[in-house]
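Take a look at the fold below, and then we will walk through some of its parts together.

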Amino acid sequence: MPFTPARRVSTFGTTIFAEMTALAMQHNAINLSQGFPDFDGPAEVKRAAIAAIESGKNQYALSNGESDLRRAVAAHAARFYGQSPDPDTEVTIVSGATEGLFSTIVGLVNPGDEVIIFEPFFDGYVPDVIMAGGVPRYVPLRAPDWHFDPGELAAAFGPRTRLILVNSPHNPTGKVYSRAELEAIAALCRKWNVIALSDEVYEHITFDGVPHVRLATLPGMAERTVTISSHGKTFSFTGWKIGWCIAPPDLTTAIRRAHQFVAFASVTPMQAAAVVSLSLDDEYYAALAADYQHKRDTLAGILREAGFEVSPPAGTYFIMAGIAPLGFTDDVEFCRYLARDIGVAAIPPSAFYSEEHKALGKGYARFAFCKKMETLEQAAERLARLKLA
Ligand SMILES: Cc1ncc(COP(=O)(O)O)c(C=O)c1O
């Protein structure tokens, strides 16, 4: 008899990314599903990683992260947001934002604690909460502008609420939460003494001058916010899995308690290279956003031309495109058809909703535009076939 998975993971299945990537490979489809660039980040950062390996930085790093990288993360927070986290007690280097989320949730959520999650959500949030024994409470973001209903959010808070997960800029919708929206969230966190877990991995990818507001900088939030970001997203090295958590000392202690037994430490030579990334000048960040804005406009045009309904996102490198004008009502069926018959892979967003609200995602497909222009052009040729189908 085969062994079965433990109860805590038995409901998880395989991620939608694995299914769509397999389908893309099987049908030789252009992969606009998973959010990884098909190009590398800056050459000097790659050279720094190679130099670190050659100079012998190949053994375990400090568990909390190498000192120079923690200092570089603190300097970045000061440079862009006017924060002044203590690198020794308030910054922890983790193995990608994924591990940061897990270590934070496992380190802070007790069995039975409630965790508020906006839908659609990044697909790791719910499993993390379940593995911690927490109870997800869902608040849907509503199309077309992906706003939340303030009454619905207020009703989700209560004496059992321990944590709220906020992701801005938001995957998969591309929404960038306004200061007013974040202030409404902050007021509820203060009222109910709730911790905010702010996933800001797309902090440097916003368009048309829309500002990214750091939740931790709002009044009364520094002492109750864990900010998580990812070297992979800002510097286009998603395979290196370097991320960081910035949080006050009490929350950092909880994160580190878990982190030391989840990953112990993160990859040593990549930490050395990440120090170089974080020292890049303002032009790098401006060029990153400008390049993605151009790609957003290109993909939005391609999708509109192919018959989708598109409102351009204010941030991230994703577009949620409406499939109704193409005559489809089921996102999973549509994405399978798209990969198999048209040769382009996308993600069905209903995977990012609880059972209760799945229907809200069924009318869309999520496309990633963190790709070379030639990849987008190839996708355009194939997507044009949708009109003939
Ligand atoms: C919202 C969000 N959070 C976290 C992550 C994970 O980041 P990392 O690759 O650093 O683990 C992703 C990656 O797609 C994401 O979109």
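Let's begin with Leu69, which is found in helix α3 (residues 67-81). Helices (H or I, at least four residues) and strands (E, at least two) are DSSP runs, numbered from the N terminus. This is a predicted model: local features need pLDDT of at least 70, side-chain atom pairs count only at pLDDT 80 or more, and totals for chains, interfaces and linings use all residues. Residues are numbered from 1 along each chain as its sequence is written.

Leu69 is buried, because 26 other C-beta atoms lie within 10 Å. (Buried means 20 or more other C-beta atoms within 10 Å of the residue's own, exposed means 12 or fewer, and partly exposed is in between; C-beta atoms are placed from the backbone.) Leaving out residues up to four places away in sequence, Leu69 touches Ile93, Gln271, Ala274 and Val275; contact means C-beta atoms, placed from the backbone, within 7 Å. Leu69 and Ala272 are 203 residues apart in sequence, yet their C-alpha atoms are 7.0 Å apart in space.

## Helix α4

Seven strands form an open sheet in the order β2-β8-β7-β6-β5-β3-β4, with mixed pairing; strands pair if DSSP finds at least two bridges between them. β2 (91-94) and β4 (135-140) stand at the edges with a single partner strand each, so one side of each has no neighbour in the sheet. From one strand to the next, the twist averages 20°.

Within this sheet, β6 (residues 195-199) and β7 (residues 225-230) pair in the parallel sense over four bridges. Asp199 stands opposite Ile228 in β7. Helix α9 (residues 249-262) lies across β2, β6, β7 and β8 (243-246), running at about 25° to β2. Axes here are lines fitted to C-alpha atoms, for helices over the stretch in contact, and angles run from 0 to 180 degrees between N-to-C directions.

## Around the ligand

Which residues are closest to the ligand? Of the 13 that surround it, the closest are Gly96, Ala97, Thr98, Phe122 and Ser230; a residue counts as near if its C-beta atom, placed from the backbone, lies within 6 Å. Helix α4 gives the most to this shell, with three residues.

How values were computed. Two residues are in contact if their C-beta atoms, placed from the backbone, lie within 7 Å.
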